[in-house]
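Hello,

Here is the structure for you to look over. My notes follow it.

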Amino acid sequence: AAIFGSLITRRPMALEEALALFRSRFDGIEPNIAAYAPGRVNLIGEHTDYCDGFVFPMALDRATVVVGRAIDGNECTIVTSAPQIDTGEARVVFHRPTPSTPTQPGHPKWANYVRGVLAAFDANRGNIPAFEAAIATTVPLGGGLSSSAALEVATFTFLEALCPDLASRRVEEKALLCQKAEHEYAGVPCGIMDQFIAAMGERGHALKIDCRSQKGDLVPLSDPSVTVLITDSHVRHELSGSEYPKRVKQCDSAAQVLGKADRKGLRDLTLEDVEAGKSKFSDELEYKRAKHVVSENKRTNRAAEALRNGDYVLFGKLMNESHASLKDDFEVSSVELDKLTELARQVEGVFGSRMTGGGFGGCTVTLVKSTAVQATQDHILKNYPKEHPVPSFFTSAPGRGAHVISLAGAKEQ
């Protein structure tokens, strides 16, 4: 259920919306393929994935759905009902990728996620037919819940159904190709977390991912007495701006000061190593970035073990520590996120609350007793400063990863 103010509403269905959009934009014709990929919320382990560290996300039950069909000719047409961050066109037409007409980034920017996946899927070899597709999503855009990876992985899953002869790839390769699309076509130097959880999520489980070995460890999260509450600040970010790449470069520099080749070496350091090398830093910001990454890796491993043991008190404490580190050492929080987490922690029954996603706005994630969800929401709405956008709330159980939906029953899973 989604919670807006004190009103609980039915979760919107991306499949229904995508089907209706396709029929309305393509002369009432029915699509014959539907592909689904979820958004995600990262429970803990932030800004560690591109440093070969550990992350601990779960797939949401909110998702992006792509429906469509192959057509004759050489033009691909995509339409979307999603409100666009970059106020671009909701209908985009481009030549199917071939050696002589390779897919190129362009405008509107949201379509670059689709273009990038097409390029990665077939390396512009010309095996993807022309198609028509409609895209709908229930993942908040720009909210730190990985709407971009949901779009990429849903598009890739659609292409697998469209081109079954090219679909025999391991799920890890699928995730990596979607990451490549985001790097090269959207200009975001993201790690592997978002694409991996979108592709590999399992119902009732969070997934601790080792970003070096690219292996996942499923941890049960199905206790009905606890709930994952996501609070949307409605303050939006665009990660391809200056701040995200700046953090990546600072992590590289910090690792080199500490004797490692690049940021991936931070994975091998302890907090004692960082403190011992503190005097070597000429830039205190680089020291703080290293301190966050190294401490966050430790917290993430401890948190996964705590969840496995049902120790929600410890898990919540680690969430709170993670937020403090993101605020003070990595400096990617915002006044809105700080206030939302502060207010949530004041409610009896809340174990912990932290910002989630890249930061600079977006959402918070709170682990709370199921009996205290309404009280948490009410307390935030009552005490949140009126000069900020009114936050909205939704809860989610750990959802299923990417899959093709059978249109025979036309039911979102």
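**Ground rules**

This is a predicted model: local features need pLDDT of at least 70, side-chain atom pairs count only at pLDDT 80 or more, and totals for chains, interfaces and linings use all residues. Residues are numbered from 1 along each chain as its sequence is written, and side-chain values use heavy atoms, with hydrogens and water left out.

**Whole chain**

The protein chain holds eleven helices and 14 strands. Both are DSSP runs, numbered from the N terminus: helices are H or I with at least four residues, strands are E with at least two. The C-alpha trace spans about 65 × 50 × 40 Å along its principal axes.

Of the 413 residues, 60% are buried (under 20% relative accessible area, with a 1.4 Å probe and protein chains only). Contacts are heavy atoms within 4.5 Å. Among contacts with a separation of 6 or more, 73% join residues 24 or more positions apart. The accessible surface comes to about 16000 Å², and carbon and sulfur atoms hold 50% of that (Shrake-Rupley method, 1.4 Å probe; for residues, only the protein chains shown count as cover).

**Helix α2**

Look at residues 111–122. Helix α2 has twelve residues and reaches 17 Å from first C-alpha to last, close to the expected 16 Å. The expected span is 1.5 Å times one less than the number of residues. Twelve of its twelve residues are buried. Arg115 and Asp122 are among them. The cover includes strands β5 (75–80), β6 (91–95) and β7 (131–137), plus helices α3 (147–162) and α4 (171–186). Ala123 follows α2 and has a positive phi, near 50°.

**Strand β8**

Strand β8 covers residues 205–210, and five of its six residues are buried. β8 pairs with β9 (residues 215–220) in the antiparallel sense, over six bridges. Pairing requires at least two DSSP bridges between the strands. His205 has Pro220 of β9 as its bridge partner. The two strands form a hairpin with four residues between them. Gln214 sits in that turn, with a positive phi of about 60°.

β8 also runs antiparallel to strand β4 (residues 54–70), joined by two bridges. There, Val55 is partnered by Ile209 of β8.

Best wishes

Technical notes: Buried < 20%, exposed > 50% of the residue type's maximum accessible area, 1.4 Å probe, protein only.
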